[in-house]
Amino acid sequence: MYEIPNLPYKYTDLEPYFDEATMKVHQLKHHQTYADKLNAALEGHPDLAEKDLIALIRRADKDIPVEIRPTIVNNGGGYLNHSFFWEILGKPAKPDNKPDGTTIGVALEDQFGSYDDFKKKFSERALALFGSGWTWLLIDVDGKLSIENTANQNLPEEKKVALLVLDLWEHAYYLKYQNRRAEYIEAFYHVIDWKAVDAKLKQSGITPAEIKA
Ligand code: MN
């Protein structure tokens with residue numbers, strides 16, 4: 001049985017950027033529903049239920065019977081993507097919330113020119129996403145960072161490691177920001193937990209490349 005993880009902060013901790021009402025409905029209703037539908041689809045399939053969920057989704061065409069395949073891919077992806085998203089958010093440590101003093105902060109400067117240049121590129125990608133999906137910061141095995149979009153609840157590409165993600169489904173921002181996706185994206189930078197992102201970089205075992213712009 002997949003259960004939604006507890007948030008490592010309070011629902012009110014990301015205010016005023018991500019509001020309490022949105023955080024609650026997002027985790028307790030949306031994320032919970034992905035978990036519930038995933039569990040329901042896996043019922044009666046103990047062989048699938050015990051497999052690693054990421055690996056199962058990546059091999060969906062081979063390993064999942066066609067009648068439950070879209071349900072597991074969509075809801076399993078939703079379950080995993082949200083679990084990741086909660087991990088890289090946190091209460092802002094300081095007003096500008098820049099990743100100073102972290103390896104990821106240095107890597108962003110090395111590869112994008114400056115933190116502000118990274119933000120500009122990330123925001124552009126996020127605004128360019130049509131419909132529902134996610135914008136990711138990924139690192140490849142050579143240490144090169146990239147910003148990429150995935151549609152719906154698709155996972156990022158297998159050969160890269162995810163460091164950061166932003167949920168761009170309307171349910172993530174509509175209560176507070178309505179159609180103002182750009183304002184929601186700008187708010188996101190205030191609630192990134194850069195220490196958590198840095199920990200994901202360290203866990204990957206990959207050394208960021210120095211690519212002078
Ligand atoms: Mn969401």
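The model is a predicted one, in which local features need pLDDT of at least 70 and side-chain atom pairs count only at pLDDT 80 or more, while totals for chains, interfaces and linings use all residues. Residues are numbered from 1 along each chain as its sequence is written, and side-chain values use heavy atoms, with hydrogens and water left out.

**Exercise 1. Describe the surroundings of His171: where is it found, and which residues is it in contact with?**

Step 1. His171 is found in the loop between strand S3 (161–167) and helix H8 (174–177). Its relative accessibility is 16%, so His171 counts as buried.

Step 2. Once neighbours within four places in sequence are left aside, His171 is in contact with Thr22, His26, His30, Tyr34 and His82; contact means heavy atoms within 4.5 Å.

Step 3. The side chains of His171 and His26 are also joined by a polar contact of 3.1 Å. A polar contact is a pair of N or O atoms within 3.5 Å; within protein, one must be able to donate a hydrogen and the other to accept it, and residues adjacent in sequence count only if both atoms are side-chain atoms.

**Exercise 2. Work out which residues of helix H7 are buried and what covers them.**

Step 1. Helix H7 (residues 115–128) has 14 residues and reaches 20 Å from its first C-alpha to its last, close to the 20 Å expected at 1.5 Å a residue; the expected span is 1.5 Å times one less than the number of residues.

Step 2. Tyr115, Phe118, Lys119, Phe122, Ser123 and Ala126 are the buried residues of H7. Seen down the helix axis, they fall within an arc of 125°, so they line one face of H7; the arc is that of the directions from the helix axis to the C-beta atoms. The face turned away from this buried side carries the exposed residues Lys120 and Ala128.

Step 3. The cover over the buried residues of H7 includes helix H6 (103–112), strand S1 (133–139), strand S2 (145–151), S3, helix H9 (181–188) and helix H10 (194–204). In helix H9 lies Ile185, which is buried, with a relative accessible area of 1%, and which has Ser123 and Ala126 among its contacts.

**Exercise 3. Trace how strands S1, S2 and S3 pair, and state how many bridges join S1 to S2.**

Step 1. S1 and S2 run antiparallel and are joined by seven bridges, and Gly133 stands opposite Ala151 in S2. Two strands pair if DSSP finds at least two bridges between them.

Step 2. Five residues lie between the strands in the hairpin of S1 and S2, where Gly143 takes a positive phi near 85°.

Step 3. S1 also pairs with S3 in the antiparallel sense, over six bridges, with Leu138 opposite Ala162 in S3.

Step 4. Five of the seven residues of S2 are buried, so S2 is largely enclosed by the rest of the structure, and S3 is mostly covered, with six of its seven residues buried.

**Exercise 4. Which strands and helices do the buried residues of H10 pack against?**

Step 1. The buried residues of H10 are Trp194, Ala196, Val197, Asp198, Lys200 and Leu201, and these pack against H5, H6, H7, S1 and S3.

Step 2. At the start of H10, a side-chain oxygen of Asp193 comes to within 3.1 Å of the backbone nitrogen of Lys195, while H10 is followed by Gly205, whose phi is positive, near 75°.

Methods: Helix = DSSP H or I, 4+ residues; strand = E, 2+ residues; numbered from the N terminus. Buried < 20%, exposed > 50% of the residue type's maximum accessible area, 1.4 Å probe, protein only.
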